[in-house]
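I opened a notebook for this structure. These entries keep what I looked up, in order.

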Amino acid sequence: MGTSASSRGTNSSQPLVPAWADDEPGKPLPTPEAQRFRSFRTAFGKAVAGGGDKGDLRKALGHFARTATGGSAVGPRRFGNVYTAGGGLYSALRDIADGNAVPGLDPSQFVGRSTDYFAQALGQFLAGDTADADRINAAVQEAVAAVLDLNETFDPAVLTDDVISELLSEFLSQSVFQAIVEEAGGAWDRADDEKKTADCEQALLDLVRVVVDKSLQQRLKGGSKGFTQTEIKDFMREATTTAWSDWESYQ
């Protein structure tokens with residue numbers, strides 16, 4: 001987790017959703033508001049300076065959802081590649097757990113290797129070749145690190161239904177978190193020490209996790225017979241839309 005990408009904050013004049021990331025290609029987009037990131041970054045800068053005060057972060061998320069990203073009807077469209085990778089993540093994890101072949105990935109390479117190696121290989125496998133590749137790779141690895149012990153020897157038996165559900169929630173949470181971190185731009189410079197920056201990162205991630213996990217886990221319950229990749233994509237889209245809808249109410 002980190003803010004290395006935060007300096008690449010999006011220019012307000014750019015489209016609300018890049019064409020290569022849009023999960024509803026061809027659907028018209030509203031015209032972005034002028035200076036659409038200003039209120040978000042101002043509020044976020046205050047949150048960073050305060051070490052991640054939840055009140056300030058909620059205000060920042062409200063501006064992020066309503067103005068910076070165009071609301072719940074637009075913002076979630078930005079994660080098309082993430083939803084696709086999420087479907088692929090679920091399928092790969094289920095196949096590895098069940099001892100099945102994974103097209104494009106050789107599960108035998110994990111035998112005797114660390115869980116860290118598994119995380120890296122899985123991240124590279126799912127990243128694809130879109131402009132979101134680095135974000136997806138990082139989100140997969142962060143998800144594995146958050147749910148499993150990277151120093152343990154990887155064992156497919158650890159991939160129970162509950163663990164797979166946790167990994168999916170964490171993957172989506174990390175993906176959304178990264179997007180917010182990047183759009184914050186120079187607001188990260190408001191912290192006067194590294195601890196405040198780290199505390200703010202953790203507080204933000206926790207806020208993202210709460211809403212994503214609640215929505216996604218409701219959909220994943222009772223899935224012992226498995227889901228299709230398309231269903232997982234739809235669940236992730238729904239969870240992201242729920243997050244934006246919740247955040248729009250934050251003042």
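I started at Phe-44. I set aside its neighbours within four places in sequence and listed what Phe-44 is in contact with (heavy atoms within 4.5 Å). The list reads Leu-57, Ala-60, Ala-184, Ala-187, Trp-188, Cys-200 and Leu-204.

I noted the ground rules next. This is a predicted model, in which local features need pLDDT of at least 70, side-chain atom pairs count only at pLDDT 80 or more, and totals for chains, interfaces and linings use all residues. Residues are numbered from 1 along each chain as its sequence is written, and side-chain values use heavy atoms, with hydrogens and water left out.

**Core**

I looked up the largest nonpolar core, which has 71 residues. Such a core is a set of buried Ala, Val, Leu, Ile, Met, Phe, Trp, Tyr and Cys residues joined through side-chain atoms within 4.5 Å. Buried means under 20% relative accessible area, exposed over 50%, and partly exposed in between, with a 1.4 Å probe and protein chains only. Which members touch the most others? I found Phe-44, Phe-171 and Trp-247. Each of these helices supplies at least two core residues: α1 (38–49), α2 (54–68), α3 (80–98), α4 (115–127), α5 (133–147), α6 (161–183), α7 (194–220) and α8 (229–248). The most comes from α6, with 11 residues. Helices (H or I, at least four residues) and strands (E, at least two) are DSSP runs, numbered from the N terminus.

**Val-48**

I found Val-48 in helix α1. Is Val-48 buried or exposed? Its relative accessible area is 0%, so I wrote down buried. Beyond the neighbours within four places in sequence, Val-48 is in contact with Ala-187, Trp-188, Arg-190, Ala-191, Lys-196 and Cys-200. I also checked Val-48 against Tyr-90: they are 42 residues apart in sequence and 34 Å apart in space, C-alpha to C-alpha.

**Whole protein**

I counted eight helices and zero strands. From the N terminus the order is α-α-α-α-α-α-α-α. The radius of gyration, taken over C-alpha atoms, is 18 Å, close to the 18 Å that the globule rule (2.2 Å times the number of residues to the power 0.38) gives for 251 residues, so the protein is as compact as a globular protein of that length. The C-alpha trace spans about 50 × 45 × 30 Å along its principal axes. I noted that 49% of the 251 residues count as buried. Of the contacts with a separation of 6 or more, 77% join residues 24 or more positions apart.

**Before α1**

I moved to the segment before α1, where Pro-15 lies. Pro-15 has a relative accessible area of 53%, so it is exposed. Leaving aside neighbours within four places in sequence, Pro-15 is in contact with Pro-32 and Arg-36.

Most residues other than glycine have a negative phi. Gln-35 is not a glycine, yet its phi is positive, about 55°.

**Loop between α4 and α5**

My last stop was Ala-131, in the loop between α4 and α5. Ala-131 is exposed, with a relative accessible area of 57%. From Ala-131 to Gly-222 I noted 34 Å between C-alpha atoms and 91 residues along the chain.
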